[in-house]
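Let's take a walk through this structure together, going from the whole chain down to single bonds. Keep the 3D view open as you read.

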Amino acid sequence: MRLTFEGIDTVASIFVNGICIAKSSNMFASLSVPVHSLLISNNILEVKFESPTLYAKNQSDLYLNKFGYKIPPVVAPPAQHGRDHPNFIRKEQCSFSWDWGPSVPTIGIWQPAYLEMSDTVFLDKIKVSTFLQNGTWTLIYEIIVESFVKQQIHILYQFLNSEWNEVHDVVEGVQLIKLSPIVVKDESVNKWWPTGYGGQYLYTAIVDVYDSSLSVPAIHKEVKFGFRTVELVEEPIENSEGLSFYFKINGQPIFLKGANWIPADSFQEDVTDYRLEELMTSAKMANINALRVWGGGIYEKDKFYQLADEQGILIWQDLMFAVALYPVNEEFLQSVSQEISYQTRRLHHHPSIIAWSGNNENEAAIAQSWWDEVKTNRERLTTDYGKLYADTIKPIIESEDKTRPYFLSSPSNGNENVAEKYIAKNPQDERFGDVHFYDYKKDCWDPDTFPKPRFASEYGYQSYPSFQLLEEVSWKMKDQLYWNSSLMFHRQHHANGNMEIEAFVRQHFELPRSSKNTTLYLSMMVYLSQIVQSLCIKYESEHYRRLQDTLIDGKGHTMGALYWQLNDIWPGPSWSSLEYNGQWKILHYDVEKFFAPTSLSAYRNKDSIVVNIVRDHISNEKKLLCNISFHDWKEFGILWNKTWLLDLSSNQHSIEIFQKSITELQLPESSYMTAQLMDFETGDVVSSTELFLSNFSGDTLKNPNIKWRIDRTQRKENGVDFDVILSLDAPSAFVWLDTPNRGRFRENGILINTPTRRISFLSYHEKSNNQKVDFMENVTVKSLYNVWH
């Protein structure tokens, strides 16, 4: 009989009938203990927890006393209102605070706990590996078992309609058993592909373990897996000094379009399967094909990876080390070793996971001397870094998983940093590996602001959550609903965040004219912050997609764009495209457009307007029409217009299809461009975009006098659609429809330059028959004009 805890958060002692049977100090490692000799007729199980913050401080003090040096960061940044020394406890690092989340150092049993019985052996995990060579797959099952006695076991394992039997001797303890390979012809199975490239075919690996009598199976276990290969390609590029950095799935180069994932809540018990499904579905609906599970959070729940497998979302999996250096004493390294072994074995069978990354930004922290302790003790801390990620973690991952690449850090120079002893002089070198890019001072409307990397794994801009959400969390402090109130500063954990948002808005938009100490100013700054965030991430993401086939001074050939960040951990200012409650910000509506398989990308290059078509797949199957028009904000109509059939015979992913001088066009000062891509046969819009040629102020726009009505309701399989009919007197920018109803609009935060527009609302939940009336009463509509009038 065995007592198992799959996750204890974090420092605890476990007692059975008053006897301490185990201690926990790692949130990310499982714990199993034999208890058969301790059980009586009535049993008492106790788990006694220690304060994680006191434990972390004590461990830091002990380390300093024993080894004589500090491990940074020593103090949490003041703006984050956080706790110190999260790097001294193997726990969700952001629970001590981050620049987008609160300090909530939780304690408790956060993963399943159960009592198991077996007469033979305990079967913990099934690892499944697939290797393709010369048209034949080699399928390998490996099982992790624990036995309390030396014995012989019989193993039956199955794939499709075939089964195999093996007999193995096991000794006392935990051991890995590699079963005989299964040979599968490539044509007899369907490959697993990321979304947009093929189906997400999953197969079942089944294992039964019998005792020597071959009676009823002692243990039955099965896992889902997929046939797919992963390759991280780092090879020389012609006319460049650097190396490529991109992923091939099943031999197909894939441009990773996606975002970074953080924990969905400070309290994991509140993250239900439905909530995860809603977030992952929103990602896929926005044409996201990849997520990076960021290293300051958690190894996600099984449901998360199951959803990624089913929806074809690629997972870049960080190990849980972030923006800190870590101790390397024997006890810490032993705990980390157990954690990495457990997590790689737990997650190994998921085809969605394509890479392991050792940490988030820790190499850059040493290379760029983020803390004073690095400046004074660089050699020792550099040695410690290699001891943890290269000497300890790397051999474990390479032993446990031969199907995926492992690199030590993000950002990094990939394989190039091995020659530099794992700490590159410049981990942000655009010619190698991946980069993180944040710059809140330069103009994001200028594409020269952005780097030209091989892979952009982090970039972003901050915005406020919806005003409705701010109202909900301030229900006892309504007098604090203004821009620079103590409540807003409590929620704003990014140093100088409000000042940066205002400065960024001011680059191209007039600030609201109302007083800062009013609710109106706050509500309009919420709206403006989301507009600016959306535009900046749009322009940056499109920039990276345009560089797929392009080298500029040896830089470019960009093959990934993962913006920061997809989701929120609480309602507060952050870089997310989805609200804490799952609702879409303006950005997420735009993500759906700029990550579309085929999309238009428009930008200014000094005096010229340039439009590119960017596509995931090089194909001539469809004939496409392109229309480009220029307009004045003061009235409906067209100043200049061109429609033509595109020639897509090029083998490039990004093709320039239009370039014209603004001077030549002789446009009025307040004008803008729209572009549409249409299917030649059906007339359906494949992609649309716009480019603003002037800044916005209260004098730029004419009053659109927007009116709306609900046209009809229609029940569908996945909810209820409302058609909202808008009527306008003038062109209107960033028209935003809002409602407390759970769901999303088909489009939102949009430019409307026609007298009417029909927009559908998709409800996430079925509601009563009076929902049409409720929706009409609750819906609000605003546009940029309302910021100043």
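First, a term we'll want in a moment: a crossing of two helices is called right-handed if the near helix is turned clockwise from the far one by less than a right angle, and left-handed if it is turned anticlockwise. Bear in mind, too, that what you're looking at is a predicted model.

Start with the overall layout. The protein is split into domain 1 (2–115), domain 2 (119–217), domain 3 (230–595), domain 4 (599–692) and domain 5 (707–787). Those bounds come from an automatic or database domain assignment.

Now pick out domain 3 and domain 5. Their C-alpha centres are 32 Å apart, and the contact draws on 20 residues from domain 3 and 23 residues from domain 5. Together they bury about 1,800 Å², with carbon and sulfur atoms giving 58% of that area. Which residues of domain 3 lose the most area to domain 5? They are Y527, Q583 and Y589, which together make up 35% of what that side buries. There's also one salt bridge between domain 3 and domain 5. Elsewhere on your tour, look for R742 and E278, whose side chains meet in a salt bridge with an N to O distance of 2.5 Å.

Next, zoom in on a pair of helices, α2 (residues 273–285) and α3 (residues 302–311). They pack at an angle of about 35°, and their axes lie 10 Å apart. Here's where that term comes in: α2 passes α3 in a right-handed crossing. On the α2 side you'll find D273, L276, E277, M280, T281 and K284, and they meet K303, F304, L307, A308 and Q311 of α3. Sorted by type, the residues of this contact are five nonpolar, two polar and four charged.

Side chains of opposite charge can pair when their charged atoms come close. D302 forms a salt bridge with R346, and their closest N and O atoms are 2.5 Å apart. This pair ties together distant parts of the chain, since D302 sits in helix α3 and R346 in helix α4 (residues 330–347), 44 residues apart. Across the whole structure, a search turns up 30 salt bridges.

Finally, let's look at some backbone details. Most residues other than glycine have a negative phi, and most peptide bonds are trans. The bond from S410 to P411 is cis, with omega near 0°, and P411 lies in the loop between β24 (406–407) and β25 (435–437). The bond from W564 to Q565 is also cis, with omega near 10°; Q565 is in the loop between β29 (560–563) and α12 (586–594). And S97 has a positive phi, near 115°, though this residue isn't a glycine. You'll find S97 in the loop between α1 (52–67) and β7 (108–109).

Note on methods
Residues are numbered from 1 along each chain as its sequence is written. This is a predicted model: local features need pLDDT of at least 70, side-chain atom pairs count only at pLDDT 80 or more; totals for chains, interfaces and linings use all residues. Side-chain values use heavy atoms; hydrogens and water are left out. Axes are lines fitted to C-alpha atoms, for helices over the stretch in contact, and angles run from 0 to 180 degrees between N-to-C directions. Helices (H or I, at least four residues) and strands (E, at least two) are DSSP runs, numbered from the N terminus. Contact means heavy atoms within 4.5 Å. Ala, Val, Leu, Ile, Met, Phe, Trp, Tyr, Cys and Pro count as nonpolar, Asp, Glu, Lys and Arg as charged, and the others, Gly among them, as polar. Buried area is the accessible area (1.4 Å probe) that two parts lose on being put together, summed over both. A salt bridge is a side-chain nitrogen of Lys or Arg within 4 Å of a carboxyl oxygen of Asp or Glu.
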